[in-house]
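Reader: I'd like to learn how to read the features of a model like this one. Could we go through it together?

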Amino acid sequence: MSSSSFAQASRQSSAADGEPPTKRARVERGPGSLDSLSEERSGEPADKLDGNAPPAPESDDDLDYPYGSDATASANEHKASDLYLDTINRALLDFDFEKVCSISMSNINIYGCLVCGKYFQGRGRSSYAYAHSIHDDHHVFINLETTKVYVLPDGYLVSDPSLEDIAFVLNPQFTRVKIANLSSPSHLSKPSYDLSHRPYLPGYIGLNNIKRNDHMNVIIHSLLHVPPLRDYFLLSDFNGKETELVKRFAALAKKIWNPRLFKSQVSPHEFLQEVNRASVGKFRLEKQGDPVEFLGWLLNRLHQDMGGTKKKNSSIIFSTFQGELRVEMQQVIVQPDEVGNEKPKFDIDRDIKSTVSPFLFLAVDLPPPPLFQDAVEKNIIPQVSIHSVLAKYDGVTTQESAGQLRRYKCQRLPRYIILHCKRFTKNAFVEEKNPTIVTFPLRGVDFRAYLDAPPSHPPTVYDLIANVTHESVAGTTRDKENTIWKVHLRVGGGGGEGEKWLQVQDLIVEETRKEMIFLGETVLQIWEHRDAGSTNGATRMDVDRR
């Protein structure tokens, strides 16, 4: 038996016994061997190369190492690559973090070691990846931008079908056929499995709470479960003109919906690092924040970065979430009514200033909790229905602000309505929390009463697809340090048994009962317009009629 055959046999024997694979057998340094060729080209032995030298220019790094066309060299190349590929450790590969060199901290021309998972810059003779391949005996590297795999220090390109899964995890690709049923009940019946054979449902996986970024995690999940926005980013193939924020958000979307993950969780680190830079430190990993503020910033920034203007439907953000709101304002004049009560009201005989403005989400006000409570009332949490808080937009209810009366009514409703419950208020001393519970059905909320439209207008019925809740210590004082953010996500649709709801809190994903969803302190909701005739024969449940 030849020495190379013996090395392969011993390696297979070790793998069969459950032992970790040994390092590859070294090819003897003979004339025409790979190591000999490497020395002849570099002019000095491979083990004497300076691993601390600065990386070579990118143009030098992209040059392949051409070998002679003789059959012997080609055969040795394939044999060596076979020996190297079984050293790949998929359990150590993590492409969720920023793609920067672990030594130089540069983000230019980065390669990932498929043996240990570390990132290095370049693959030329004076690069960090080249030195790593010699000093640590790790030889298989993938270009994190092109997904091409190379063997170092020999420098040749490897094309093997067994590497396709790694390339897909690094850069998932989707087609319209693959994403056609992501919002249908059939998606529930197609679980995927990670390397540990744990099942997970693509799109409904945990996001790592690196430090204090759970308030941003719930917004990421909510937006990436809005079908038009999700499909836009899953099918995207940006060519370099878009900003880094848009590219990283698209990459995160593809990871969350990837059906072939190595581990059933995703870290948003790479995207959130860019959020920190783009927001000039306003939204940071280590600082707890407000998800509504982050949502407003993110929607406007994505709209701007994708070339959006003030015109309607100028970006996927506006075409999905933008509506129009009429605001009528009049100076406050208090006039007593018949019984002597003095209450501000609109006087049609005086000037009314009316403006129509676009909106991306609607803010609703919660009734204030009782100021004075006895021992019994302290155990009672006030409740209010969603239609009570939406009455703000009926065009009749008035609000007094800065010496003016205002009333609101929608002129155009978007396909997806974002509702924000204003639960937190600041005074001169402390930030207060309103614990009032908003009750709502999961399906069938009609927004017709809040839209200025003729009777012939198409139906305005909406169904809930995402619900963000806030949990903290009991009381009316906001405690940011002990705040927990959760999001409820709809799986499938149409109501009935084909519709499930999952609760996601960082890495914890679990199914939740429909009738329990409204019991949390809702801060944010996304409602989807129900197209006429799209009920799919679903039966109404008790929770739908609440």
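Reader: How many salt bridges does the structure hold?

Author: It holds 28. Take Glu-528 and Arg-490, whose closest N and O atoms are 2.8 Å apart. Glu-528 lies in strand 25 (residues 521-529) and Arg-490 in strand 22, so the pair ties together parts that are 38 residues apart in sequence. Strands (E, at least two residues) and helices (H or I, at least four) are DSSP runs, numbered from the N terminus.

Reader: Are Glu-528 and Arg-490 buried or exposed?

Author: Buried means under 20% relative accessible area, exposed over 50%, and partly exposed in between, using a 1.4 Å probe and protein chains only. Both Glu-528 and Arg-490 are buried. Glu-499 and Arg-443, also joined by a salt bridge (3.9 Å, N to O), are both buried too.

Reader: What about Arg-301 and Asp-305?

Author: Their salt bridge has its closest N and O atoms 3.3 Å apart. Both residues lie in helix 12 (residues 291-305), four residues apart, about one turn of the helix. Arg-301 is partly exposed at 25% relative accessible area, while Asp-305 is buried at 16%.

Reader: How do I read the nonpolar core?

Author: In soluble globular proteins, nonpolar side chains tend to be buried together. A nonpolar core here is a set of buried Ala, Val, Leu, Ile, Met, Phe, Trp, Tyr and Cys residues joined through side-chain atoms within 4.5 Å. The largest one has 62 residues, and those with the most contacts inside it include Leu-223, Phe-294 and Phe-321. Contact means heavy atoms within 4.5 Å. Not counting residues up to four places away in sequence, Phe-321 touches Leu-223, Val-226 and Phe-359, among others. A second, separate core of 33 residues includes Leu-413 and Phe-518.

Reader: And which strands form the open sheet, and in what order?

Author: Strands of a sheet pair through backbone hydrogen bonds, either parallel or antiparallel. Two strands pair if DSSP finds at least two bridges between them. Here five strands form an open sheet in the order 2-1-3-4-5, with antiparallel pairing. Strand 2 (119-121) and strand 5 (156-158) stand at the edges, each with a single partner strand, so one side of each is left without a neighbour in the sheet. Three bridges join strand 4 (residues 149-151) to strand 5, and Val-149 has Val-158 as its bridge partner.

Reader: Where is confidence lowest, and where is it highest?

Author: pLDDT is the predictor's confidence in each residue, from 0 to 100. The chain averages 80, and 75% of the residues score at least 70. Confidence is lowest in helix 2 (residues 34-42), at a mean of 38, and highest in helix 13 (residues 316-321), at 96. Over residues 1-75 the pLDDT is below 50, and residues 532-546 are below 50 as well. Where pLDDT is low, the predicted coordinates should not be read in detail.

Note on methods
Residues numbered from 1 in each chain as written. Heavy atoms only, no water. Salt bridge = Lys/Arg side-chain N within 4 Å of Asp/Glu carboxyl O.
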